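Dear colleague,

Please find below the structure that I am handing over to you. My notes on it follow directly after.

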Amino acid sequence: MTRAAAEAVLTPLAGAESIEDALAQALRRVVALTGAAGGLLEFRPPRGAPLTAALGPRRALAVLRDPPALPRHAVRIPVGTVGGIVLLGRGRPPRRGALPPGFGANLARTLEGLWRQQRRLVRMTVLTELTRLLGSRDSRDDVLSAFADGLARLVDFDAIAVLLVDAERDEFTVLDVTARTIPGGVLRDLRLPLERTLLERVVSTGAPVRVDDVAAGSVPAASRATLGARGWRSALLVPLVAQGGVFGAVALTAARHRAFDDDDVESAAELAPPLASAIEQRRLIDDSRWRGEELAALYATSQLITSNLELTSVLDRISSSVTALIGGSGCGIDLFDATRTRLVHAAAHGYKSSEWRTLALPVGEGLMGRCAETGQPIRVDDVRRDPRSARRDVDEREAIRSMLCVPLRVGGTLLGVISAFSTRPAAFSAHHQRVLEAFAEQAGIAIHNAQLFEQSVRGARETRALLEAGRAVTASLDLERTVHVIMEQARTVLGVYSCGIMMRDEHGFLSSVASLDLPEEVVSSVRVREGEGITGVAVAELRPMQSADLWNDPRHRYPELARAQGLRSLLAAPLRVGDRAIGAILVFRRDVHEFSPAEEELLLALADQAAIAVEHARLYERLEARVADRTRELDQQKRFVEVVLETLPLGVFVLDAELAIVRANRAGAGTLGEAPVGKSFLGLLPGALAAEVETFLRRAVASRHVETDEYEVAVGADVQVLRLTAAPLAGATAHVVLLVADVTRAKQVERQMLLTERLTTAGRLAAGVAHELNNPLATVAGCAEALSARLAESGLADRAELTDFRSYLTLIEEEAFRCKEITGSLLQFVREPGDRRTRTDLNVVVHKTIELLSHQSRFAGARFVTELAEDLPMAVVNEGQFRQVFLGVASNGLEAMDGRGRLTIRTRAIRDDIEVEFEDEGPGIPEEIVGRIFDPFFTTQPPGQGTGLGLAIAQGIVADHGGRIEVQSRAAKGSVFRVIVPVERSHDNQRSHDNLRSHDNL
């Protein structure tokens, strides 16, 4: 290769876009000029990983970070001290003479120049980016992340941090930049003392400091310990300079020795100024923002002085304004109590728990107590190290590390302390202290004005509470409501947590009877004797008693209850009536508190109102008890009258002047149907009857006398007889009491009794007639018999003219005896059957029944057919009663056929029963009345032709014998009545049955 060819290889490299591009171009030209099959070009930059370009036999080009193993037919040519060329031959190694002498050194200088040029380009790019960030609104963390990313392109380091000096405290803050470049990275910012550190050296010299070995003795002890503990072996610190001098440094660390060289120092030093400008700029911006917020907070506080006088609101707004004013995690305001010996927490902002509400510090104790005692601000960078901190347990729970306490004053009078705290150490500076002091001056004025306003409001509220309590006592006799109002007023005006009432019994014990907040089971468990405990002494001595701390007061009888409910202080005032106390009113707070004399007087005034309410309520209860007793008696009488009215079998209607229903009892609705209030009574009646009833009612109202009348009302197929009795009520309002009685059954019974009386009379008359006929019939029969005997004795019977005479005498005799049998049967039927039951053949009873019916002329056209079982068992019955049953059932069947047709009578034994069946050929019984045929007085016969008692009596007789009557009927096909009685039982069973009947009769 000639020199011209070599120059042709090197000259174009100056225009390469990157070092990787230059390596690829140089290798491609060298391989082409030497005729090699392929090759490698390795470049080792001064700082950074080696780069290798590779070209294969197929002219595939690649840039590698790790060079591959060399093949056997290869020649290596050095490229200065920064790399080398490897050429691959085609079956044998290529010739070294293909490249002119000095080519490797020239290539090395060219590549080094390109490397330095590329680094300058990267440095300019990073500087441009950092310069751009100066005018952006990116946060400080974004600037630090961009700086770390840019510097990493120039310097090889393991970690980067920015150190910011706090000259006021002689400390510096370490900002963990490495964590800020990792999404979700955990920041490990910390504060360290400046003394004996590398940063102290940088601040004093204003020049970078490079440490090749942190373990070297020249490294300050503090830095040596800090860096060594984290495993760093080398470090580089570059100062951050502003107009006021060095305010910090960029710290690069690595885990290897001699990790940084002069070029790294130069690169870091070149990039540090724009970073310092960006940090300083953002500090100025933050300062401007903070000062604006400070002014806004100060202005807002001044607005509070005139715009809001409610103390709680003022305190809350002041505590929340402090955080916005000087930063930090929260703020607390502590004010002197009435004795000015303790600080009580009045407001807080930023606390995690509510325990601060119960904190109270003696003046001189703790940081806030010291501030109140001396009247001077106190600023603590780390409360863990300050021996003046009193409540370290609270500090640990709230993670408080630094605190700033400033006194609150107004007109030279100390009101309390305002305290800002932070979870970061050394969070407050002297500037923050000056700002908070200025803020406290205005806050003191606002708090003092609010306190004055609260005192005036409290006075008005106390007056209003007494008025409300007095109004409750006079306006209501409800003791529970009145006591509740008084307790609510006590809680509101005294600003306490809870309020309760205890009453004294006749044995001298005080028991809790009411509470605003305590559970019922807790209230009922509190009981003390008069003269014991705080409340007992208040009742015994007729004066208020208090306890500022129930948890530590030996007089308190229920310390466990107080702790469980969180009740800390108590004030008890007696309920006085004359020269005695009937109880006490108690108020509780949840903090240690000593009640003022004004609070005692106010509670005593409310207690007097409560005592009056209790006395009034007791008097009212006694009067109410009397009224309740009298009312109870009247209610009982009223209920008795209502029960009587509802249970009366009579319908009772109360009608107004327009005859509208005012009230109706159950019987009335049952008689005439549904009778809603307001409906006209006449609307319950048929049209024709309604006019008559209206006339009747109007007449009763006009006459002012009780009127009674009876009316027939058609209800379906039945006719009801209603007796109406109208009684006008005297008074201004015209009302009528109307009694409605359903006398249908009574009328039926009355008619039936008349009919029965007639039948009885007829029966007695028939019996008398039959008895009287027996004598002449006996005479006729005797004479006929005597004539027949004379004919036989005198021999005249054989005479021709007397041939028929003997047959006539015999006929007269037979007919006379037959008439006697008829009259005897008639006498036996009308005779009282008695109640004796004997073994009876029901077939015989059937024959006797047919014999009686066959002689009646109205049944002359009827035919009797019998189908009687020959082996019919005997039944133990009253023969007369069953003859009456059979006669009634058979008569009904014959009447259904109008005295004509066939009546079939059957008897049979089925298991333990005997059935006597009567089947007629009549029209049958309609289905809708089959279920009513056994009802008393129900009949389908025209009036005067039936009593409606036959089947009812028959059913009763059969049922009394342990049997039943069944009926089957089909329209136009007749009816079948089946009388079923049990067969004769064995002797033992019969005796048991008789004993049972005797027992039932008893």
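The notes below concern the cavities of this structure.

This is a predicted model, in which local features need pLDDT of at least 70 and side-chain atom pairs count only at pLDDT 80 or more, while totals for chains, interfaces and linings use all residues. Residues are numbered from 1 along each chain as its sequence is written, and side-chain values use heavy atoms, with hydrogens and water left out.

A search of the whole structure gives 4 cavities of 30 Å³ or more. A cavity is a set of points, on a 1 Å grid over the protein atoms alone, where a 1.4 Å probe fits but cannot get out; lining residues have an atom within 4 Å of a point. Points are joined across faces, edges and corners, and a volume is the space filled by probe spheres set on them.

The largest cavity holds about 300 Å³ of space. Its lining comprises 25 residues, and Met502, Val526, His556, Leu586 and Phe588 lie nearest its centre. By class, this lining has 17 nonpolar, 6 polar and 2 charged residues (nonpolar: Ala, Val, Leu, Ile, Met, Phe, Trp, Tyr, Cys and Pro; charged: Asp, Glu, Lys and Arg; polar: the others, Gly among them).

The second largest cavity holds about 190 Å³. Of its 14 lining residues, Leu361, Met368, Arg391, Asp395 and Met403 are the closest to its centre. The lining of this second largest cavity has 9 nonpolar, 3 polar and 2 charged residues.

Yours sincerely

Methods: 1 Å grid on protein atoms, 1.4 Å probe; cavity = no way out; pocket = protein on both sides within 12 Å on 5 of 7 lines; lining within 4 Å.
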